[in-house]
Amino acid sequence: MANIITFDQVDFRYDEEAEDLTIDSLSLSVQRGEWLAIIGHNGSGKSTFSKLLIGLLEAESGRIEVDGLELTADTVWDIRSRVGLVFQNPDNQFVGATVEDDVAFGLENAGVPYEDMHERVEAALRQVNMWEFRDKEPAALSGGQKQRVAIAGIIALGPEIIVLDESTAMLDPEGRADVMAVINQVREERNLTVISITHDLQEAAIADRLLVFKGGQVVDEGTPEQIFANGPALMEIGLGLPFAEQLKAALIKRGLPLSDDYMTKERLADWLCK
């Protein structure tokens with residue numbers, strides 16, 4: 001598959017006088033249509049990457065390309081129209097008095113005609129199962145419902161890429177699973193590229209590919225199976241393991257003859273039931 005995002009030797013630091021770079025010669029690519037998860041401890045550069053991607057921060061050096069466009073002052077608004085960023089706290093994204101108004105806000109700013117706008121708002125809300133809440137105030141919704149509305153506001157704009165920047169961090173496990181299911185459905189129906197920036201390794205485990213960030217660099221990459229199979233290396237940089245891997249390690253210590261290969265919850269459950 002062709003690359004939709006490329007970072008080539010990108011440097012960035014928040015303080016010009018700081019000795020260490022926040023993003024240090026970062027080179028990576030994201031394939032069109034894939035689900036990429038980025039994991040790493042606090043301060044590893046994950047969220048800085050997302051802000052550089054849409055031009056909220058300006059790189060000190062290097063090159064960023066999105067959907068065939070090099071990121072410059074002339075192309076930044078075009079690139080932002082192709083990338084939808086969903087933040088950790090959906091309350092920070094709400095501006096409308098009702099759910100329907102809020103989803104329409106970005107389309108109004110983009111000058112979308114009313115009839116087209118109404119169709120796109122309804123389609124987006126139906127896609128995330130929130131159309132019946134269209135007249136509700138966003139503040140009256142649950143955390144998971146708020147994130148669904150935030151996602152609807154993004155997909156109504158028709159981006160090529162959705163970036164989830166710790167978007168499920170404030171949700172309980174049920175709400176987190178619900179939002180991930182919605183994103184996966186939208187991705188398949190619209191052939192979107194999804195980038196999930198997360199501390200939640202259960203969320204990362206559903207991605208096609210993982211990047212591990214440390215010190216503003218990619219220190220490891222591979223499938224979830226490849227990354228999580230190397231548990232000690234993750235522990236060394238301050239990351240844990242998915243619950244199934246933690247349970248598997250505990251069972252091995254108790255003498256059960258489990259494989260060293262990565263196991264999902266489902267695979268581990270199957271093995272234990274045999």
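Helices (H or I, at least four residues) and strands (E, at least two) are taken here as DSSP runs, numbered from the N terminus. The axes used on this tour are lines fitted to C-alpha atoms, for helices over the stretch in contact, with angles running from 0 to 180 degrees between N-to-C directions. The model is a predicted one, in which local features need pLDDT of at least 70 and side-chain atom pairs count only at pLDDT 80 or more, while totals for chains, interfaces and linings use all residues. Residues are numbered from 1 along each chain as its sequence is written, and side-chain values use heavy atoms, with hydrogens and water left out.

Begin by selecting helix 3 (residues 99–109) together with helix 4 (residues 114–127), which pack at an angle of about 125° with their axes 10 Å apart. That angle makes helix 3 oblique to helix 4 (under 35 degrees counts as roughly parallel, over 145 as roughly antiparallel, 65 to 115 as roughly perpendicular, and the rest as oblique). To see the contact (heavy atoms within 4.5 Å), show V99, E100, V103, A104, L107 and E108 on helix 3, and M117, H118, R120, V121 and L125 on helix 4. By class, this contact of helix 3 with helix 4 has seven nonpolar, one polar and three charged residues (Ala, Val, Leu, Ile, Met, Phe, Trp, Tyr, Cys and Pro count as nonpolar, Asp, Glu, Lys and Arg as charged, and the others, Gly among them, as polar).

Next, turn to the sheet, an open one in which four strands follow the order 2-1-4-5 with antiparallel pairing (two strands pair if DSSP finds at least two bridges between them). Strand 2 (23–31) and strand 5 (69–70) stand at the edges, each with a single partner strand, so one side of each is left without a neighbour in the sheet. Strand 1 (residues 3–12) is joined to strand 2 by six bridges, and I5 has V30 as its bridge partner in strand 2.

Now select V76, in helix 2 (residues 76–80), which is buried at a relative accessible area of 12% (buried means under 20%, exposed over 50%, and partly exposed in between, with a 1.4 Å probe and protein chains only). Not counting residues up to four places away in sequence, V76 touches I54, G55 and L71.

Finish at K146 in helix 5 (residues 143–155), a residue that also counts as buried, at 12% relative accessibility. Leaving aside neighbours within four places in sequence, K146 is in contact with P90, D91, F94, P138, A139 and L141.
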